[in-house]
Amino acid sequence: MISLDQLRDLELSALTDQARVWANISNRAYASRERVAEEIATGLTDTQKSEASVAAVIRLSRLSKNYQYIHTECGLVAASLNGLSQELEPLQRKLLNALEDAEQAGFEVNADGSVRYPAVSLGDSHPPGDTVSGNSNLFSAAVGSAAALTTQNPNALIAQGIADAIASALSQATEIDEQYAKALHRLKAAEGLDVTDATWADVSGDAAAVHGAADDVLKDNIPTDQSQTKRKEWWDSLSDEERVEYLAVYPDVIGNLDGIPAAARDEANRLFLPQLMGKLEAQGDEASLTKLDGLQKIDEQLRAGGRPPMFLLGVGDEGNGRAIISYGNPDTSRNVSAYVPGLSTQLDGGFADGTVKRAKDTAIGAREIDPSSASIIWLGYDAPLGADVATRDDAQRGAPAYQSFMSGLATTHENKDLHLTAIGHSYGSLTVGTASQQGSGMPDVDDYILLGSPGVGVDHAEDMGVGKQHVFVGAADNDLVTKAPSKGSVVGGFVGGTIGFFTGGPPGAVVGAGVGADLGDLGDDDNWFGKDPASEEFGATRFRTADGPNAFTHFTLEAHSNYFSPEKDQMSADSIANIVAGNPEGITPEARR
């Protein structure tokens, strides 16, 4: 229990002075990390080709990780000391006010916080004085006040109020002190400072402990519940030192906050990535290890570098995992696209090895047309993994996040001539379409590309908030997903067989159910989630794609996955690149259905 004397005499400025010292160490470690990783190691890699240089780069990489660890841990110490100071300040003020009230009333305050009040004379009545102890909870305080009234000494009620204020201040201060003490006791390095995966798991726990103590004070400064514009204004207003502190303590928040510039989000997420991987490895369950596999492969790609440069704009372990990766800087590129994947997409090795490449292929193709182009893959929601692909639920949950992300891209863009393209593949096209319909829609989006779409939730291209000439569709003839029949026009057995095929069911179920059925829903251009985007009625511009292998003879949905790949569908990949680069004249058109 913090004593009255301790709280009264505490020099809060000493805590803030110490916080500045730790923050300065954190900032210096951050600068050293950047110099080692971006100047020294990169310089060696670019200029030296020998076994010795490779060995040196490996050791420099370890040094860089050590600096990163120091940056994070010292930043957490600084945050803890600042948070402790800020939370104790109003409680110290409350105590001092109570002591001043006691002095003015002529009461005596004892070391334990109890208050002695004097007797009074009220005509023929002479109620004696007494000593009262304070109560820190409301119920006990009410009981104490009631008891004070029975004494008929007006000083008793005043003294009880002062004693209760003192008790409340000391009780809250003790609780806060214990929280911060617990957090600070975690912040110690193992001897030798060998930063391993286990070390980063500990850092994740350290950060959680500090957040548990300090979030009410420090996190409130981050405008998480404000507009993207306000968030950018807040970030721009910070000093370099303040930004480094936020990157140390809240990299997970800064890295996933729409409205924060791409370079800062990338830096925050790279700082957070080892913590997240350490946490997942320590958890060790199947779902965590699945996400860990994806993150490890993303980490390898980030460290390998290459062109276009990678920016990690979001990462997390919520749901089935989160990862937002840009090829090219979206804040400085004239043309920016953001692609939403669909069915069965989750943060795993397959996502990192395969799905991410679609955004890279698009970026490479678009940069051949206009070098000022960037392409993003946005896994910022839980895509359906099974039978829920037949519902709109995942799209409706994911649409607000995508809408916010697109608005954030427009907010942080450094030029006024941003050309922004929303791309949805498979079920992801429904997520994109849903985002275009919520609230004010996505007014910053100039073009839409819908690939392998089972419908987007609207009946006409212009319903998406742009002219129909700005909505483009790729639908391979052998892509069954683009021919998913309308719910009301096909017998239930066929629908069940089709959905079963989409979600990994036996191919024979589709063939058997499809005998005699109208696969393309001819004469009725409704698809599972609305009008067929490739139809005449929908009105979008359709571009040519490769047919892909026949699903019924090859028992495969490969035709559904080739749109982005120059190796498998050059026509489609070229058209996507031309649209993203702002050159729609370069597409190869295809007649609508």
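S426 is buried, with a relative accessible area of 7%; buried here means under 20% relative accessible area, exposed means over 50%, and partly exposed is whatever falls in between (1.4 Å probe, protein chains only). S426 sits in the loop between β8 (419-425) and α14 (427-437), and its phi is positive, about 60 degrees, although S426 is not a glycine. Helices (H or I, at least four residues) and strands (E, at least two) are DSSP runs, numbered from the N terminus.

A word on what you're looking at: this is a predicted model, where local features need pLDDT of at least 70 and side-chain atom pairs count only at pLDDT 80 or more, while totals for chains, interfaces and linings use all residues. Residues are numbered from 1 along each chain as its sequence is written, and side-chain values use heavy atoms, with hydrogens and water left out.

Elsewhere, the peptide bond from R307 to P308 is cis, with omega near -5 degrees. P308 belongs to the loop between α11 (286-304) and β4 (310-316).

**The chain as a whole**

The chain has 18 helices and 13 strands. Its radius of gyration (taken over C-alpha atoms) is 31 Å, well over the 25 Å that the globule rule gives for 593 residues, so the chain is more spread out than a compact globule. That rule is 2.2 Å times the number of residues to the power 0.38. Along its principal axes, the C-alpha trace spans about 105 × 65 × 45 Å.

Buried residues account for 51% of the 593 residues. The accessible surface comes to about 25,800 Å², and 50% of it belongs to carbon and sulfur atoms; these areas come from the Shrake-Rupley method with a 1.4 Å probe, and for residues only the protein chains shown count as cover. Contact means heavy atoms within 4.5 Å. Of the contacts between residues at least 6 apart in sequence, 75% join residues at least 24 apart.

**Salt bridges**

The structure holds 24 salt bridges, each being a side-chain nitrogen of Lys or Arg within 4 Å of a carboxyl oxygen of Asp or Glu. Here are some of them:

| Pair | N to O distance |
|---|---|
| D317 and K279 | 2.9 Å |
| D353 and K297 | 2.9 Å |
| D382 and R322 | 2.8 Å |

The D317 and K279 bridge links distant parts of the chain: D317 is in the loop between β4 and β5 (322-327), K279 is in helix α10 (residues 262-283), and the two are 38 residues apart. K279 is partly exposed, at 28% relative accessible area.

With D353 and K297 bridged, D353 in helix α12 and K297 in helix α11, the pair ties together parts that are 56 residues apart in sequence. K297 is partly exposed too, at 23% relative accessibility.

As for the bridge between D382 and R322, D382 lies in the loop between β7 (373-379) and α13 (393-412) and R322 in strand β5, so this pair ties together parts 60 residues apart in sequence. D382 counts as partly exposed at 25% relative accessibility, whereas R322 is buried at 16%. There is also a network: salt bridges that share partners join D5, R8 and D9.

**A buried aspartate without a bridge**

D348 is buried yet has no salt bridge; the nearest side chain of opposite charge, K297, is 8.0 Å away. For that search, Lys and Arg count as positive and Asp and Glu as negative, with His and the chain ends not counted. D348 lies in the loop between β6 (335-340) and α12 (349-369). A polar atom of the D348 side chain lies 3.2 Å from the backbone nitrogen of G350. Setting aside neighbours within four places in sequence, D348 is in contact with T290 and G294.

**And one serine in a helix**

S26 is found in helix α2 (residues 12-47) and counts as buried at 1% relative accessibility. Leaving out neighbours within four places in sequence, S26 is in contact with H71, C74, G75 and A248. The C-alpha atoms of S26 and S344 are separated by 41 Å, the two residues being 318 residues apart along the chain.

Terms used
Polar contact = N/O pair within 3.5 Å; in protein donor to acceptor, adjacent residues only side chain to side chain.
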